[in-house]
Amino acid sequence: MSQQDKLNRLFHSRSLNRRRFLQGTTAALAGLGLSSCGWTLADVQTRTVERGDSNRLYIFTWAGYTDDNLLAQFEQQTGIQVIADVFDSNEAMLAKILAGGGGAYSIIYPSDYMVLKMVEDDLLTPLDLGRIEGLNQLFENYQNPPYDPGNGHSIPVSWGTTGLIYNRQALNGEPENWEYLWQNQSQLSRQVTMLNDVREVMGATLKHLGYSLNSQDAQEIEEAYEALVELKPAIASFTSDAWRPQILTGDLKIAMGYSVDASEIMEEDENLGYVIPKNGSSLWTDTLVIPKTAPNPDGAYAWINFMLQPTVAAEITKRLSFATANRVAYEQLPEEIQQDATLFPAPEVLANCESVSPVKEDIAQLYDRYWTRLTSS
């Protein structure tokens with residue numbers, strides 16, 4: 001396949017980057033009529049919904065988490081029309097909710113650490129687990145997750161990891177640990193991208209140094225910053241999406257990225273691989289929650305129960321390349337997907353991974369100060 005063919009396929013790929021929607025394209029995409037697909041950009045308009053409108057459900061989700069088939073199937077089962085708005089980061093989602101712009105949403109898709117924050121801020125409705133069917137079909141570790149004991153406020157919908165996507169043909173040996181970046185820095189000059197995410201990048205570097213991804217030790221955080229300053233000449237950019245066409249055309253050798261994006265892009269080039277560093281990385285989970293302001297809580301419970309149906313969860317995994325938290329759905333997947341180590345890593349690989357956790361305010365500000373220095377210099 002030619003480089004141009006790869007780029008064309010990437011442009012028309014089935015889903016957008018999980019964590020960061022394409023920047024600067026709001027007006028253009030709105031002009032393409034995305035609302036006809038059942039989802040829209042959240043900042044296109046401010047939603048107003050009458051409480052008690054049981055025939056319409058607004059959800060606030062990541063780009064690529066819904067498609068026409070999913071929305072049509074739900075409406076066929078329940079008679080409820082779903083309109084899905086998308087956000088590009090947990091922080092952007094929270095900012096809109098706190099600013100009062102989220103009153104229309106009855107379902108939101110925060111990540112694990114954001115569930116903790118939203119519970120702390122009293123933004124979520126405690127779930128009536130008696131109204132939810134299929135909780136016992138989740139993997140055991142998701143029936144009582146540390147970020148939400150007993151699933152009191154959230155239901156897991158997907159999960160994944162952060163690692164390194166790399167070009168086998170372009171490297172001298174394949175990476176196994178984060179150390180590879182530092183050890184091969186001279187051969188990687190301007191050929192590496194890191195995520196545009198302070199906690200992910202600093203967390204990976206902390207793991208490289210043997211510390212916790214969620215360190216709150218000022219000296220350890222400073223060491224991580226200094227290590228990144230040392231690596232900076234090898235880093236072409238900090239980006240969560242621009243690496244995709246660059247690695248397909250050979251302009252990059254390694255990109256830090258999410259497992260879901262790795263799974264998709266590896267279909268475009270057999271020379272690309274994905275590794276979760278042995279010294280550990282981040283493990284993320286995205287969830288379904290009902291905000292306290294939900295105008296259609298009955299519809300929200302209907303959506304949760306729909307998403308917990310094993311056949312639905314299995315089809316989402318097959319179509320959209322997200323690892324399911326549903327054990328029964330996993331058992332329904334084709335063997336080649338079950339054995340896909342990018343989507344479903346072995347337990348021993350995950351043993352050293354950590355979920356991003358909130359840190360104290362002064363420590364969060366310390367992370368941000370170092371990040372500003374790193375990315376602006």
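A salt bridge is taken here as a side-chain nitrogen of Lys or Arg within 4 Å of a carboxyl oxygen of Asp or Glu, and the legends below apply this to a predicted model.

**Figure 1. A network of salt bridges links Arg244, Asp261 and Glu264.** Because Glu264 belongs to helix H10 (residues 259-266) and Arg244 to helix H9 (residues 243-248), the pair ties together parts that are 20 residues apart in sequence. Glu264 counts as buried, at 4% relative accessibility, and Arg244 likewise counts as buried, at 6%. By the rule given at the outset, the count for the model comes to 11 salt bridges.

**Figure 2. Helix H10 is mostly covered, with seven of its eight residues buried.** The buried residues are Ser259, Val260, Asp261, Ala262, Ser263, Glu264 and Ile265, and Asp261 and Glu264 are also linked with Arg244 in the network of salt bridges. The partners against which the buried residues of H10 pack include both helices and strands: H9 and H12 on the one hand, and strand S5 (155-167), strand S8 (254-258), strand S9 (272-275) and strand S10 (283-288) on the other.

**Figure 3. Helix H3 (residues 68-78) crosses helix H12 (residues 310-320) at roughly 165°, and their axes come within 11 Å.** Since angles over 145 degrees count as roughly antiparallel, this crossing makes H3 roughly antiparallel to H12. The crossing of H3 past H12 is right-handed. On the H3 side the contact is made by Asn69, Leu70 and Gln73, which meet Val312, Ile316 and Arg319 of H12. Sorted by class, the residues in the contact of H3 with H12 are three nonpolar, two polar and one charged.

**Figure 4. The side chains of Asp67 and Arg319 meet in a salt bridge, with 2.8 Å from N to O.** Asp67 lies in the loop between strand S2 (56-62) and H3, whereas Arg319 is in helix H12, so the pair ties together parts that are 252 residues apart in sequence. The two partners fall into separate accessibility classes: Asp67 is buried, with a relative accessible area of 17%, while Arg319 counts as partly exposed at 22% relative accessibility. Arg319 is also among the residues of H12 that meet Asn69, Leu70 and Gln73 of H3.

**Figure 5. Glu354, found in the loop between H15 and H16, meets Lys207 in a side-chain salt bridge of 2.9 Å, N to O.** This pair links distant parts of the chain, 147 residues apart, with Glu354 in the loop between helix H15 (347-350) and helix H16 (361-376) and Lys207 in helix H7 (residues 198-208). Lys207 is buried, its relative accessible area being 10%. Leaving out residues up to four places away in sequence, Glu354 touches Lys207, Tyr211, Ser212, Leu213 and Asn214, and also Ser281, Ser282 and Leu283. The C-alpha atoms of Glu354 and Ser281 are 6.4 Å apart in space, although the two residues are 73 residues apart in sequence.

**Figure 6. Pro110 is placed in the loop between strand S4 (105-108) and helix H5 (112-120).** At 0% relative accessibility, Pro110 counts as buried. Apart from its neighbours within four places in sequence, the residues in contact with Pro110 are Asn90, Met93, Val115, Met118, Thr285, Asp286, Thr287 and Val289. For Met93, which lies 17 residues from Pro110 along the chain, the C-alpha separation from Pro110 is 8.1 Å.

**Figure 7. Asn151 and Ser321 have positive phi values although neither is a glycine.** Most residues other than glycine have a negative phi. Asn151, with a phi of about 55°, lies in the loop between H5 and S5 and is buried, with a relative accessible area of 3%. Ser321, with a phi near 60°, is placed in the loop between H12 and helix H13 (327-331) and is buried as well, with a relative accessible area of 5%.

Terms used:
Residues are numbered from 1 along each chain as its sequence is written. This is a predicted model: local features need pLDDT of at least 70, side-chain atom pairs count only at pLDDT 80 or more; totals for chains, interfaces and linings use all residues. Side-chain values use heavy atoms; hydrogens and water are left out. Axes are lines fitted to C-alpha atoms, for helices over the stretch in contact, and angles run from 0 to 180 degrees between N-to-C directions. Helices (H or I, at least four residues) and strands (E, at least two) are DSSP runs, numbered from the N terminus. Angles under 35 degrees count as roughly parallel, over 145 as roughly antiparallel, 65 to 115 as roughly perpendicular and the rest as oblique. A crossing is left-handed if the near helix is turned anticlockwise from the far one by less than a right angle, and right-handed if clockwise. Contact means heavy atoms within 4.5 Å. Ala, Val, Leu, Ile, Met, Phe, Trp, Tyr, Cys and Pro count as nonpolar, Asp, Glu, Lys and Arg as charged, and the others, Gly among them, as polar. Buried means under 20% relative accessible area, exposed over 50%, partly exposed in between (1.4 Å probe, protein chains only).
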